[in-house]
Every structure is written in C-alpha cells, then in structure tokens.
Amino acid sequence: MTSNPSLRDLYNPPSSAWAFVPPSPPPHNASLPAPAAPTMSSYQWTTRPAHNSIFDLSPSLDLSEPASLNGPLLLRSLVASALLQYTSTALVMPLEVGKLLLQIQWIPKDAPAPSAQVDEEDNEEEVLSDSTNEDESYFADPAASHSKHPAPKPVDDQGYIVRTSILEDGTRPEYIIPVGSMNGAWDMVKRVAAFRGEGWLSLWKGLFTSCVHDVLFSNVQPLVDSLLHSVFLSSASGLYRPPLLLPVASHVITGFLLSPLDLVRTRLIAQSAMSRHRTYTGPFDALRQILAQEGGIRSIYFHPQLFIPTILDNGLRPLLHILMPTLIAPRLGFGPHVAADTSPVAWAFAQVLGSVASLLITLPIETVRRRLQVQTRGTAKPLRTCVETRPVPYNGVVDALWHIVTEERSDLPIMRRSRARRRHVEGAEGNDVDDQFVEKRDGSSWLRNTGIGQLYRGLRMRLGVGIIVFLLAALGGEQEVDGGWAEL
C-alpha cells in the first residue's frame, strides 16, 4: 500500500508582501520531522511610514528607531502646552479680576448716598420745577433759609477736608474706582475698563502669575498625591484606608507650597494701575518687597493671617468636592446606587449640586483670605488698591468674618433717594433737613443692614459656569464633572 504524496509540493503561495518561504521538502523515504515553530526570519514585513505625528508634536511610530530623548520635539511640546495654558488663563482673567475686586471691596452700612451722583431723572425734574421753586422762594421765610444749606465739611489741622464717606467724590482718591454701581463681576469688569486710572489692560493684571500658579498646581498636586499614596498605602496592607484624606492632603500641601504665588497674584490685581500710585512693578518685584519688608520666608508662609486661610481654603474645597456628590446623589431619586460609570448624567448633576452647596461654605473663606492677603504687615506701607478697602486691618479669620457681616452692607448698587422723595421727607422729618442725600430708610431690605452678601461676591458667575459645565458633560457623555470651575 503506497502512501499518498505530500501536498506540500503542490502548494503555490500567492505573491504578496506577507509571503511565507517554506523550507525544502524532505525525501519520501525519510521520516517526517516534527514541524518547527516559524521564526521571525521566515516573514517579510512591509515598511511602515516612520513619520506619523500630529502637528509634529507626537512621537514617531517607527519602532526601529532607537529610543532616545528628542530635544526639539520636547521643546515644541512644552511651548505648545504653555501657549495653550496661557491662552485659557487669559480668557477667564477679566472675570477673575472683577470677582477678586468685588471680594476685597469694603462698603460700610452707614455710608450716605453720594452728593455728586445726579441722575438724568433729577436733572429733568429740576428743569421742570424751576418756575415752581421761584414762586415758592418768594413766599419763603428768610429765617429758615439757612437750614437748606448743607453743613460745612470737617477739616483737619492742616485745613484739608476730612473724608466722612466713601461715596464722596470730592475727597475720594483719584486711583479708587467709585462704588455704588457694581452689582456683579461683569459690572466690575465694565467699571474697571471705563475708569481712567485702570483701562482695558487692567483686566489682565496678574496674568503671568496666575498662569504660572495654575501650571505648577496642576503638575505638583498629582506628584504629591502619588507620593502620599506610595508612602501610606503600599508599606503595609493593614494601614490601607479609603483614599479620602490623601487627595485632600495633597491639595493642602500643594496650596501651602504655592501660597506665595497666590499672595503675589492678589496684590498685583488689587493694586492701582496708575504709575505714581503703583506699589509693585511686577511679580518678581512684589515677591522681593514682600520678603524684605514683611518678615521673610517664615512670615510669608506661617503668618497666622496667611497660614490659617490657606489651610482652610485649600482643605475645604477638595473635601467638599469629594463628599457632597456622594451625599446628594442618593437623594436625587435615581436609585440608591448612583455612580459615574452606571449613571453619568445623574452623577454629573449631583456633582454640580454638590459644587453649589460647597460654594456656600468655601466662598466666604476665600473672601476672607483675599482681604487678609491685601493687608500689609511689618514695615511695608499700606497697599493703594483700586477699590475701597477697610482702613483698619483685620486681626484674623474670625475677626474678618464678624466685621464683614456686622459693619458692611450688601445692597449694591446703592440707589439714592429721588429729589421729590427728599422734599417729602424734609417736610416730615426736621432732623434730616441738613442731609440733602439721605437714603430711603424703609427697613424692608435686609441687605442694607448686613454684609452677608459681601461674602458671596461672584456666586452668580460661578453658578453660570457650573450649569455650562454640566450641559457640556451631559451632551458630551463625560462621566465626571471636574470641580475646577469653582476656582474661577
């Protein structure tokens, strides 16, 4: 019985780049050896294009190239990343400037209405009532005419008029933006741009420092977080805990290390843009003067008015960002277990609500921190800010919170009483005759008698950003909404 001939000789491989070259067939009388595994030399691979980068920023896909550091590629990547970060920071910088100026602005509750702010309605009313005033003055009592004139302004020992109200234009310094019409961050942006001492360029004060701070924070915080995880979670399995406090600790440590940059940024934004009233010429000059005049490195990090607000601001923000969504998500009615992988839209909505609830706690702390950062210490002269600040410095976080709530007002913009209303009040109240610009004291607005609204300047802007982030996450299918919108 003869065996069938081998089919290996009848096989004709197709002509292709992936052609397989078989070995020579063995003779028929020889025993068939065991098939050997194919080697890499048996295949003929086609060449792949070596250059497959995107905008010349991604590495080449040619695996045959030696793995080495590409200096020009690294430089282009760093330049592109820096330009992207600088552009994104510049887009939001005007709103950041407006929010910070609103946070440090001091408006006492006993400030009378400004005598120089005359609106168009009063001007028209005065023109229409000229003839009536002439007839009334004919029958007026000459003995009572002296009460219509305002009382003389108080002066100091050198004869200069003493400033009795922050709303008086005659005694207001030329570098301070008038108050009374800013009701939000966008209103402050328009006032800064229209003020002759500031201008449009002032909306980007502190841009370089803000960009450097954001870049360092976004790169240093993950490194610190990885270091903390490697130290506390990999040494022993018995010490493992849910990673809740470690991210908070990484944010606190990073914020503490970068707190001098945040202090310099606040000072640069708050100071006047007028050259003769400017204190710092740039971030390096500001850091040099602060170190030389306010106690050095130890004071810039560990002064109680800087250290305590830094720890509270950088600690409460990530802690509430982690806890609030987990507390709110089960109460939304979507089920007992709501997570980012199972219900991305519900989880994004819970994160937005958690961020809003967190702002009610973190925004007052941030406001107090900004006001304490504006205060100078040591031998440094008081900073000439472009908005009104409290002439008496605060003693700490609790003292600042107490004085903001008790001595300030929140009813911005401040509206003065119309001329007809003043005449009616002057006829009914003899004590208010000397004050031609007494405000309406109806007691119905609680904002005039408390400064709680001063602690939440910029809240509406952040709520709007939160809604935009939620809509983008819902439409784009993102599974997590970043809480960084609260940093604006």
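Visitor: Hi! Is H11 mostly covered or mostly exposed, and how many of its residues are buried?
Guide: Mostly covered: of the 31 residues in H11, 23 are buried. Keep in mind that this is a predicted model.

Visitor: Where does H11 sit in the chain, and what is its span from end to end?
Guide: Helix H11 covers residues 344-374, and its end C-alpha atoms are 41 Å apart. At 1.5 Å a residue the helix should span 45 Å, so the two values agree.

Visitor: Where does H11 have a kink?
Guide: At Leu-360, where the kink is about 40°.

Visitor: Let's zoom out. How many helices and strands are there?
Guide: The protein has 14 helices and zero strands. Across its 488 residues, 38% are buried.

Visitor: Back inside, then. Which residues have the most contacts within the largest nonpolar core?
Guide: Those are Leu-101, Ile-104, Met-188 and Val-387, in a core of 32 residues. Helices H1, H4, H7, H8 and H9 each supply at least two of the core's residues. H1 (71-104) gives the most, with seven residues.

Visitor: What does Met-188 touch?
Guide: Leaving aside residues up to four places away in sequence, Met-188 touches Gly-98, Leu-101, Leu-102, Gln-105, Met-182 and Val-387.

Visitor: Which residues does the second core include?
Guide: Among them are Ile-107, Leu-167, Val-179 and Leu-412. That core is separate and has 14 residues.

Visitor: New topic: how many aromatic pairs are there?
Guide: Four. In one of them, Phe-256 and Phe-302 have ring centres 5.5 Å apart and planes at 55°, so the pair is tilted.

Visitor: Why tilted and not edge-to-face?
Guide: Because edge-to-face needs planes over 60 degrees apart, and this pair is at 55°.

Visitor: Is Phe-256 buried or exposed? And what about Phe-302?
Guide: Phe-256 is buried, at 19% relative accessible area, while Phe-302 is partly exposed, at 49%. The cut-off for buried is under 20%, so Phe-256 falls inside it.

Visitor: Which residues do ring pairs link into a cluster?
Guide: Phe-256, Tyr-301, Phe-302 and Phe-307.

Key: Residues numbered from 1 in each chain as written. Predicted model: local features only at pLDDT ≥ 70, side-chain atom pairs only at ≥ 80, totals over all residues. Heavy atoms only, no water. Phe/Tyr/Trp six-rings, centres within 6.5 Å; stacked < 30°, edge-to-face > 60°. Buried < 20%, exposed > 50% of the residue type's maximum accessible area, 1.4 Å probe, protein only. Core = buried A, V, L, I, M, F, W, Y, C linked by side-chain atoms within 4.5 Å. Helix = DSSP H or I, 4+ residues; strand = E, 2+ residues; numbered from the N terminus. Contact = heavy atoms within 4.5 Å. Expected span 1.5 Å × (residues − 1). Bend = angle between axes of the 7 residues up to and from the residue.
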